[in-house]
Amino acid sequence: MTIAVAMKVNGKAVSGQVEARTLLVQFLRENLRLTGTHVGCDTSQCGACVVHINGKAVKSCTTLAAQADGTEVTTIEGLARDGKLHPMQEAFREHHALQCGFCTPGMVMSAIDMLRRIPRPDEATIRHELEGNICRCTGYHNIVKAIQAAAKVMGG
Amino acid sequence: MYNFNYHRAGSVDEAVALMAKASDGRFLAGGHSLLPTMKQRLAQPTDLIDIGRIAALNGVKTESNAVVVGAATPHAEVNASAKAIPALMALAAKIGDPHVRHRGTIGGSIANSDPAADYPAALVGLGATVKTNKRTIAADDFFKGLFETALSDGEMVVSVSFPKPEAAAYMKFPQPASRFALVGVFVARTSGGVRVAVTGAGPSVFRVKAMEDALKAKFTPDAIKGITVPAKGLNSDIHGSAEYRAHLVNVMARRAVAAAA
Amino acid sequence: MVENGIGARVRRKEDFRFLTGQGTYTDDMNRPGQAHVFLLRSPHAHARLKKIDARQALAAPGVIAVITGADLEAAGVGPLPCGWQIFNKDGTPAHEPPHPVLAVGRVRHVGDPVAAVIAETRALARDGAEKLVVDYDPLPSVTATAQAAKAGAPAVHDGAPNNVCFDWHFGDAAAVDQAFAKAAHVTTIDLYNNRLVANAIEPRAAIGEYDPAADRHTLYTASQNPHVIRLLMGAYVLKLPEAKLRVVSPDVGGGFGSKIYHYAEEALVTWAAKKVGRPVKWTADRSESFISDAQGRDHVTHAELALDKSGKFLALRVQTTANLGGYLSTFSTAIPTYLYATLLAGLYTTPAIYCGVKAVFTNTVPVDAYRGAGRPEACFVVERLVEKAAQEMGLDKTEIRRKNFVPKSAMPYQTPVALQYDSGDFITHMEAALKLADHGGAEKRRADAKKRGKLLGVGLSTYIEACGIAPSNVAGALGARAGLYESAEVRFHPTGTVTLFTGSHSHGQSHETTFAQLIAEGLGVPIENVEVVHGDTDRIAFGMGTYGSRSLPVGGSAIVKAMDKIVAKGKKIAAHMLEAAEADIEFKNGTFRVAGTDKGLSIGQIAFSAYVPHNFPLETVEPGLDETAFYDPKNFTFPNGTHICEVEVDEDTGAVQLTRFVAVDDFGRIINPMVVEGQVHGGIVQGVGQALVEDCIYDPTSGQLVTGSYMDYCMPKADLVPSFQVATNEGAPCTHNPLGVKGCGEAGTIGAGAAVINAVVDALKGFGVTHMDMPATPEKIWRAMHGKAAKAAE
C-alpha cells in the first residue's frame, strides 16, 4: 500500500505519497533530495543517518516515514543559517573532526543531541555517548575535541 | 523490506481490533527490534499497527511500591524518569545507543524476547508484572525461550510494573560489536528475598537459585564467589563460548552485588 | 613567507560542503530516467551453478531486465583482470583463473554475483531478484588459510593444484641457512594475521550511463582511482577505447584500499546502461559490502629470527601462507609478495633474510590491499619476533632495538630484501616516543593498576614502510602491469586564479586543501584562488589514483614539476615585459623580479599577459599559462616511526582497555600538520581495531561469513581508544623527491597492531604468555590467563 505523509523538515512543510515500507531516510534522500543524511549500514549501528525528530536524535534508517508523519524533522541541511555554520559544525571544521565526510552529518546531529542532554560532558562521557556512531577515518580523537570545544561555545 | 499495510492506532482497543483483522499483523512501537528484522527480509508481516502514539502506553508512573512503565515508553524516558528504581534507570541507559534509546521501547523489547536484550534481566530480576490487554503475567512466566514469550496471538503488552527493591544493580558485559549483552546480570534484594536474573548467557533470561539463596543469607560478593552456573546449555558463539559466559555470569553477579550493596 | 603555505595548519576547504550535507557521493547522484539494479548473490560458498530461470522475475512488477553471466559471456564481456603478475619459485607464472563479472558455471564464495535484476526502483529490483529460480549443486568448500593447500581440500579452481595460486620466494636462502647455523639464539613464532574488512562508511555505489548520440559511456563510481578503472574496464572487460568511456569518482566516503579495484558492479552497470537504454544505478547495502568488497590481510606465518649472543640479529626466515580468496582482485598478488617480503628488514640491520609465500585460493571473498597492505603484516612479524627475542634473552625492549637499528649514518641503506632506504633517524623517534609516553613512569603505573585489579602492559613497536608507489621501471620488473607515476596540470586563468588538475584522488585525504597549499607555497597564489579538481577522466589528463600513501610523494611531486614549468615560462614572459635577460629573473613569493632591482611583476600580471598577449614574446613563447607534468618516482619513500601503547587488562574478564597511545613518526617534510595528525589518529584506530576487536570469520563447515554485519564484525568505536599523543620528526626528509615528503596515510595502521599486541603480551607475562593472536579478545585473554586452550569458534 501507499500512504500519505506530511511533516515539517528543516522548518518547511513537506508531504508525499510513499510506499508504506519507505524509511524516513529514503523519504529524505529520494523524495526530498536531502542527500546529506547518509546510509552506512543496514543494522542500525553506524549512525550516518541520524536526524532529529522533534528535537531528539534518531536513526532515520530505522524509522518509517509513516512514523515521522506530523513531526518536525531536522537534518544536517537545516543547521546552518544564512551561510553561517552551527557552532557544532564550526567546531568540527576548526578541529578537523572529519575526513571523508560520510559519517559527518550523523556525527554532527548526534553531537548536538548529546549536548542538549549533557551540556558539559567529559571525555569519557563523550566517547561513551558516541556509541551509536561509527567513523572509520578520524580515529575519533578530533571528534571528541570538537565536541568539547562546541560545549564551551554553546554555553553548557 | 517487503511492503505491508500501515495503520496508526489511536487507542489500545483500536490497535487490538486492527490486529484482529490483519492476516499476519505486528504491533509497531519504536520499531527498533522489528524494522531491522524486516529490513533483512527475515519477517514479512502483512500489516503493521503503529501503537507508538497511544498516550495510555507512554510514560513512567511512580506508585508507592512500584514503577509502572507504559509499553511504548522509549528507553531514554525510563532512563530519565524511573528514579524510584535507580538500577532500572541505569539499565535503560545501557540499551543500544542514544538514538536507539530515543525510539526503542520496553514493550517492543520484551515482546521480542531477544536472548541478549537487557530488559528481560530487569523484569525477572525485580519480579515485575507484565500487563497486557487481556491479563497480567508474572515476569517469571513471561519469557518462554529464544524469541518466545507467553503472549498469545494478538495480545498486546500494555505496561510493566516493577516493584521497588531494597537494593539492586545491573552489570553488563557487552558483546563488543552489537553492544547487546554477552552476559548481563540483574541482582535485586527485596523484602521477600534476593533475585538474580541473567540475560545474554542462555537462550532466554534465567534465574540462579543457588546465588539467590547464598545472597539471602549474606548479601556480599564473596557470598557467591564459588557459585558458578554450568556451561552446558549456555549460548556459544564467536563472541564467547559457553564456558566463558558461565565465568562471566559469576563475575557480573559479584559486581552487581557490590554495586547494589 | 607565504600565507597558508607548507607547514601551516590550514583548515580544510572541503569541509563546508561536507558539514552542510552538500557533498556529492555516488549514491547522492540520480541520472534522468535512471533504473536500479540488484545483484543476486550466491548463498553458497561453493556450488555448481546449473540453471537460472528468470521467467517469474521478468514478470514481476517493475522489472526491466535480468542479466546473467551467460548473457555477458555471449556479449563478449571479458573477465576482471589482475594487475600484477607473480612468478613461482620455478619461474612459471602464477595461476590466474578468470574472474567473470557474473558467475558462470560455478560460484566460489558467498556473495559471488550470480544475476542482475534491473527494475524501476531498488526495492522492486530486490523483490524481482527473489523471484529468480537458481539451481545450485552445492560443493564442499574451504575457507581457512591453513587448510586450503592440504591434501583433499576442495578445489576452488580447476587447474590450480592444491589451491595454490603461486609459490613464491624472495631473499637469499643459503645465506640465511648459514647464519642460522652459527646463531647463539633462535626465536620462533607462529602467528595468524587476521582477515579484515575495510568498511569505509560509504558503501560502494556505481551508476552507468550511455549516450547514444556520442556513443559514449559514463561510469560514476565510488573509487580511489578512476583512470585505472577506465583502463582496466575499457581494455580488458568491456573492450571500449578510452575516448568512449568517462569514469567519474565524485566525493568518496573513505576507501582504505577497498575502493582501488575494478569491481564487477562497475562493468555491469556500464554495460547494462547501454543494454536497457537507461542509466543504471547500484548501491551496496552494508551486508552486501561485507560479501563483495575485497578484504584484507589473512596470513598464516611461521617465522624465525637468528641472533648472536649479544642480541644482534643475524638472519630472518619467514614462511607465509596468504589467502587470496575465491578470485584474484586487481592488486591481490602484489600485496603478500612485493609489499610484504621487501619490508621484513624493518628498521634493522639484519644481514640475511629469506621469505617464502604460498598464496592460496579459498571459498572466501577476494583479498587485496587494505590500509597498509602487506606492510602491517611484515611489521607484525618483525616486531613480534623482536619483542619475543628480547623477552627470551632478557634484553630490554628498547635495548634490543637500539642494538639493531640501522644508524642514521648508514643512510642510504641497502637492505637484503631489495629496498634501499634513503633516509631515516630511528633512534631519535624512539627516544622521543619514550619521552612522550613517560616510559619512565610505566612501572609505577603498573603497580597502581594492579591495586585496581588491572594488569598493565607496555608495548612498543617500530615500523618502516615503502610508500610513494612506485618507480615504474622497478614495478614493471616485478610484474606490475601498469606504470605508477602521477600527473598534474596547473592551469592559470587570465585573472590569476588557478585550477589544479590532479590524478590523485581524495576520499578523505584533504587534497583540496593540502594541494592548494603547495600551489600557495610554490606560486604565491592565495589558497582561496586555487581550485583542486580530481576524480574525472574527462577533466584530468591521466592518473594512477590514491593508495599506498602515494598522493603527496608522487602526486605532489608532479604538482611541483608542473609549477616548475609555470615558473620557467613565467620567467620568459617576465624577461620580455621587464626588458631584462631571462637569466636575471628571480621568482619568489609570487613575484618575478629582476635580480637586484625592485622591478617586478606578480604572477597574476604574468598570467593576464599570457592570455591577453599584447606585450608578449610571441615569437619565442606560446600564449597561455597551463602546464602539465608527469612524475615518476626515483625510489620508494620510507616513512617510519615508533608507537608505544599501554593497556590495562581486567583480571576477572580479560577485557582490555587502551590507556595510552603515543606515535612519533618520520614522514619527512609536513605540509599540513593538522591533516597529518588526523591521518595518524585514524590509522592508529584501524591498527588497534585489528589488534583488539576486528575479525572476519567464516564458518569452517558452511563457508558462510559469520561476521557479515556490524552486529558481529566489531568496528572500533570512540570508547575503544583514549586520546592520542602524536608527534613528528622532520629531521630526515626524503632525499629523492622535490618536497622531501614520505607519505603518512598508512603509518598508523602499520605500527599500531604490533604495539597493542606487544602490550597485551607484556600485561600477561606473569602468566607465561609469550604470544597472542589478533584480535586479543577478552575470552582469548581469559583463556591465556587461566591456561585454557584456545577455543575454536563454534
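How far apart do the C-alpha centres of domain 2 of chain C and domain 3 of chain C lie? They lie 39 Å apart. This is a predicted model, in which local features need pLDDT of at least 70 and side-chain atom pairs count only at pLDDT 80 or more, while totals for chains, interfaces and linings use all residues. Residues are numbered from 1 along each chain as its sequence is written, chains are lettered from A and ligands numbered from 1 in the order written, and side-chain values use heavy atoms, without hydrogens or water.

The domain bounds come from an automatic or database domain assignment:

| Domain of chain C | Residues |
|---|---|
| domain 1 | 31-139 + 202-253 + 259-292 |
| domain 2 | 295-469 + 635-785 |
| domain 3 | 485-631 |

Between domain 2 and domain 3 of chain C, about 1,400 Å² is buried, 64% of it on carbon and sulfur atoms; buried area is the accessible area (1.4 Å probe) that two parts lose on being put together, summed over both. Ile469(C), Ile671(C) and Leu739(C) supply 34% of the area that domain 2 buries here, more than any other three residues.
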